Amino acid sequence: MTVTLRSLETAVPPTILLQPEARDVFAAQPGLTRLGQRLVRTCFDSAAIDTRHTAVAEMSLDYQGDGAPVFFDAGQGLLLTPSTRERNELFTVEATALFIEAASRAVEKCDGVSPADVTHVITVSCTGFFNPGPDYKIVRALGLDASVQRYHLGFMGCYAAFPALRAAKAFCEADPRAVVLVVSAELCSLHVRTSNNPDTIMGSSLFADGAAAAVVTARELPATRPVVVLDHFETVLTPVGEDSMAWNIGDQGFEMVLDSYVPRIIDEHIVGALEPLLAHEPGLAALPYSEIRHWAIHPGGRSILDKVEAKLQLTPDQLVPSRETLRNYGNMSSATVMFVLKHILDQAATAESESICAMAFGPGLTVETGLFTKVSPGLGAETASAAAGAAAGAAAGAAARSAARA
């Protein structure tokens, strides 16, 4: 059975942070040591980020709202210290809006699907909690059937889009008529703060807000845009790194642990993490990594992308979707790899079917991977499956020819 991602849409809050301006604000905070100030400038300047979006309207230097500031006093240039409750209250309002906006776009843009067709809703977030949750809010706002099955994946971190898509695939395989709406929304900027701690500074230089939504189904539907066949998923825990990446709840927001050792861990273990995924397609496994057309790598940071590109010997062009997502949006936790996938979908196709290898990293250190096939419009689901098989067969033939020449 072929399960496809039929539409993929994104949404971001309207407030934009320019990286140089954000750097200057963080570097000017009282209480920073000289070392802390140097770390702020180094982290912000080396992040390879130009702009980020935030749901905290106060963070705009032009903000002129009513009432006492809670997150940022623009008049004095001071970052404030709201409680976890205050941060979560804003999450409840702003995340709901992003969840609904992304979900509405995904359903609207999905050929042959209406709100009445949706059978399952899976929501994802690690930056806040409320109940009735975003899954409930989406059902109500989109007018979905009250009997829609709802699931929420909470507090998993940057890799959580993969378990959500894997669950959607399983639902569709269990029920060929299922239509699953997967929605991720993260408001990471709610939890930024001033600190001399290198992990906190690093997080402040990287994280941002955004949402993405996808419609997944095994139904045969018309398509006017490329679709993605969800071929295989795998999960790997690296043997080290449990203390190097974590996400904890504190009294003044959630606290990120992002050790500088993380890129080295990824460098040492990325090949092993890919082995179980590519074992599903021996033809691809036998090829150099650079011959897999597309790579959707979660841009956890510039140094992570640098390590992946060098270790797998990928071309600079293959990392463009990840690097441009990082440059334009920052790290939006679980939603980010969906932005990268959308970038790949929006690229002009060079063949009827093109392989995509996707990967994200998170607490644990957890490596989630997915092997997908981008299929051009006009191919039905069964034709898409055949095209994916033909691509794998062609890869196997190329590998055999390469081995024969050797």
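This briefing describes helix packing, nonpolar cores and the surroundings of selected residues in the structure above. The model is a predicted one. Its largest nonpolar core holds 46 residues, and helix H3 supplies the largest share of that core, with eight residues. A second, separate core of 39 residues is also present.

**Packing of H3 against H4**

- Helix H3, which covers residues 84–109, and helix H4, which covers residues 134–142, have axes that come within 9 Å and cross at roughly 55 degrees. That angle makes H3 oblique to H4, and the crossing of these two helices is right-handed.
- On the H3 side the contact is made by Thr96, Phe99, Ile100, Ala103, Ser104 and Val107, which meet Pro134, Lys137, Ile138, Ala141 and Leu142 on the H4 side. Sorted by class, the residues of this contact are eight nonpolar, two polar and one charged.
- An α-helix has 3.6 residues a turn, so residues three or four places apart point the same way.

**Packing of H1 against H2**

- The axes of H1 and H2 likewise come within 9 Å, and they cross at roughly 165 degrees. Because an angle over 145 degrees counts as roughly antiparallel, H1 and H2 are described as roughly antiparallel to each other.
- The crossing in which H1 passes H2 is right-handed.
- Gln19, Ala22, Arg23, Phe26 and Ala27 in H1 meet Gln37, Val40, Arg41, Phe44 and Asp45 in H2, and the residues of this contact divide into five nonpolar, two polar and three charged.

**The nonpolar cores**

- Within the largest nonpolar core, Val121, Ile138, Leu144, Leu181 and Val183 are the residues that touch the most other members. The elements giving two or more residues to this core are helix H1 (19–27), helix H2 (34–45), H3, H4, strand S8 (179–187) and strand S9 (209–217).
- Leaving aside residues up to four places away in sequence, Val121 touches Asp135, Ile138, Val139, Leu144, Val148, Gln149, Arg150, Tyr151 and Leu181.
- The second core, which is separate and has 39 residues, includes Cys126, Cys158, Met256 and Ala273.
- In soluble globular proteins, nonpolar side chains tend to be buried together.

**Helix H11**

- Helix H11 spans residues 336–346, and nine of its eleven residues are buried, so this helix is largely enclosed by the rest of the structure.
- The buried residues of H11 are Thr336, Val337, Met338, Phe339, Val340, Leu341, Lys342, Ile344 and Leu345.

- Val93 is placed in helix H3 and is exposed, because its relative accessible area is 53% and the cut-off for exposed is over 50%.
- Val93 and Leu61 are 32 residues apart along the chain, and their C-alpha atoms are separated by 22 Å.
- Leu153 lies in strand S7, which comprises residues 149–154, and with a relative accessibility of 23% Leu153 counts as partly exposed.
- Although Leu153 and Ala164 are eleven residues apart along the chain, their C-alpha atoms are separated by 7.3 Å. Ala164 is also one of the residues that Leu153 touches, together with Ile122, Thr123, Val124, Ser125, Ala160 and Pro163, when residues up to four places away in sequence are not counted.

Terms used
Residues numbered from 1 in each chain as written. Predicted model: local features only at pLDDT ≥ 70, side-chain atom pairs only at ≥ 80, totals over all residues. Heavy atoms only, no water. Axes fitted to C-alpha atoms, helices over the stretch in contact; angles between N-to-C directions. Helix = DSSP H or I, 4+ residues; strand = E, 2+ residues; numbered from the N terminus. Parallel < 35°, antiparallel > 145°, perpendicular 65-115°, else oblique. Left-handed = near helix turned anticlockwise from the far one by under 90°. Contact = heavy atoms within 4.5 Å. Nonpolar A, V, L, I, M, F, W, Y, C, P; charged D, E, K, R; others polar. Core = buried A, V, L, I, M, F, W, Y, C linked by side-chain atoms within 4.5 Å. Buried < 20%, exposed > 50% of the residue type's maximum accessible area, 1.4 Å probe, protein only.
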